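Colleague: I have not looked at this one before. Can you walk me through it?

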Amino acid sequence: MVHSVDIKYYLVLAAVLFCLGMFGVLVRRNALVVFMCVELMLNAANLTFLAFARQNGDATGHVSAFFVIAVAAAEASIGLAIVIAVFRSRGTVNIEEIRTMKH
Amino acid sequence: MSIEHVLFGVFALLTVVSAVMVIVAKSPISSAMSLVATFFFLAGIYVLLWAHTVAVLQVLVYTGAIMVLFLFVIMLLNLGEANVTGPRVTLARVAGGVAAAGLLAVLVTAIWRIPSASTFTGSQAMSQGFGTLAVIGQTIYTRWLLPFEAVSLLLLVGMVGAVVVAKSRI
């Protein structure tokens with residue numbers, strides 16, 4: 001495969017996505033947007049798994065990506081339930097105003 | 001320059017642009033819609049990596065189920081646009097930007113030193129059904145059976161936990 005894209009470019013794209021997600025987690029104050037940025041980081045990890053799976057011709061990377069997607073689904077359901085519970089008791093999803101777990 | 005390069009460039013550009021839109025969008029609805037676009041373009045990139053099954057899972061599970069859950073919660077909480085009161089450039093934003101840029105620099109430097117050894121034998125792997133549901137299912141049910149069952153248990157626990165946490169009275 002002379003003409004295929006080098007794996008480096010896929011890895012750089014994954015790195016860019018991961019850093020964008022990290023920036024969002026650090027900067028945004030809305031808990032829901034923070035969750036979305038975590039999903040971005042999980043997708044960056046998936047992209048890395050799949051790039052190496054293609055490079056090595058091995059299906060194990062695909063299985064790992066499948067597990068990551070399942071864990072992301074569980075994380076989203078639990079996280080959104082916590083967001084709903086916090087919104088019900090505090091009336092906000094701004095993580096600056098939720099200080100209970102800070103010391 | 002083949003069609004694969006062109007498609008990769010287009011999909012990568014669109015993915016990064018829509019991922020930036022997720023972060024800079026003011027209302028959570030706009031963020032969620034941009035995230036849906038990001039997932040679609042990423043699915044295109046997965047197809048370029050011959051991960052057709054994972055691309056289908058991405059569209060079905062992420063954009064079909066998880067994002068619907070996100071939109072449902074956003075509308076349930078009735079969140080409008082965040083009213084910006086403070087300064088636009090805060091210490092936290094500068095620190096976050098510096099941290100993300102530093103990590104990106106380290107990662108790109110490390111990635112660029114990988115020797116580009118092309119061990120992938122394209123047509124041979126393609127004829128063996130690389131990336132198809134049959135091959136992935138065989139791998140899951142032979143070498144990864146216990147983790148697969150653990151994931152099913154995890155999803156059950158997540159489902160029950162979500163109901164318990166979000167319930168008003170127990």
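Predicted model: local features only at pLDDT ≥ 70, side-chain atom pairs only at ≥ 80, totals over all residues.

Colleague: Fine. Start with chain B: how many helices and how many strands does it have?

Modeller: Chain B has seven helices and zero strands. Along the sequence the pattern reads α-α-α-α-α-α-α.

Colleague: What share of chain B counts as buried?

Modeller: Of its 170 residues, 35% count as buried. As for contacts in chain B with a separation of 6 or more, 60% of them come from residues 24 or more positions apart.

Colleague: Is B:V36 buried or exposed?

Modeller: B:V36 counts as buried, because its relative accessibility is 15% and the cut-off for buried is under 20%.

Colleague: Now the interface. How many residues of each chain are in contact with the other chain?

Modeller: On the chain A side 69 residues are in contact, and on the chain B side 79. The area buried between chain A and chain B is about 6700 Å². Carbon and sulfur atoms give 80% of that area.

Colleague: And how many residue pairs are in polar contact between the two chains?

Modeller: The count is nine residue pairs, with both residues at pLDDT 80 or more. On the side of chain A that touches chain B, the elements giving two or more residues are helix 1 (7-27), helix 2 (31-56) and helix 3 (60-90) of chain A.

Colleague: Which of those helices gives the most?

Modeller: Helix 3 of chain A, with 23 residues. Sorted by class, the side of chain A that touches chain B has 49 nonpolar, 12 polar and eight charged residues.

Colleague: Charged residues, then. How many salt bridges are there over all chains?

Modeller: A search of the whole structure finds one. That pair crosses between chains, running from A:R54 in helix 2 of chain A to B:E4 in helix 1 (residues 3-24) of chain B. The side chains of A:R54 and B:E4 meet at 3.2 Å, N to O.

Colleague: Why would two such side chains pair up at all?

Modeller: Side chains of opposite charge can pair when their charged atoms come close.

Colleague: Are A:R54 and B:E4 buried or exposed?

Modeller: A:R54 is buried, and B:E4 is buried too.

Colleague: Next topic, cysteines. How many disulfides are there over all chains?

Modeller: Zero, from a search of the whole structure.

Colleague: What about B:W50, where is that?

Modeller: B:W50 is in the loop between helix 2 (28-48) and helix 3 (52-77) of chain B. Its phi is near 60 degrees, which is a positive value in a residue other than glycine. B:W50 is buried, with a relative accessible area of 12%.

Colleague: Last one, A:I98. Where is it found?

Modeller: A:I98 is in the segment after helix 3 of chain A. Leaving aside neighbours within four places in sequence, A:I98 is in contact with A:V86, A:R90, A:T92 and A:V93. The C-alpha atoms of A:I98 and A:F87 are separated by 9.9 Å, and the two residues are 11 apart along the chain.

Colleague: How exposed is A:I98?

Modeller: A:I98 is partly exposed, with a relative accessible area of 24%.

Terms used
Residues numbered from 1 in each chain as written. Chains lettered and ligands numbered in written order. Heavy atoms only, no water. Contact = heavy atoms within 4.5 Å. Buried area = accessible area lost by both parts, 1.4 Å probe. Salt bridge = Lys/Arg side-chain N within 4 Å of Asp/Glu carboxyl O. Polar contact = N/O pair within 3.5 Å; in protein donor to acceptor, adjacent residues only side chain to side chain. Helix = DSSP H or I, 4+ residues; strand = E, 2+ residues; numbered from the N terminus. Nonpolar A, V, L, I, M, F, W, Y, C, P; charged D, E, K, R; others polar. Disulfide = S-S within 2.5 Å. Buried < 20%, exposed > 50% of the residue type's maximum accessible area, 1.4 Å probe, protein only.
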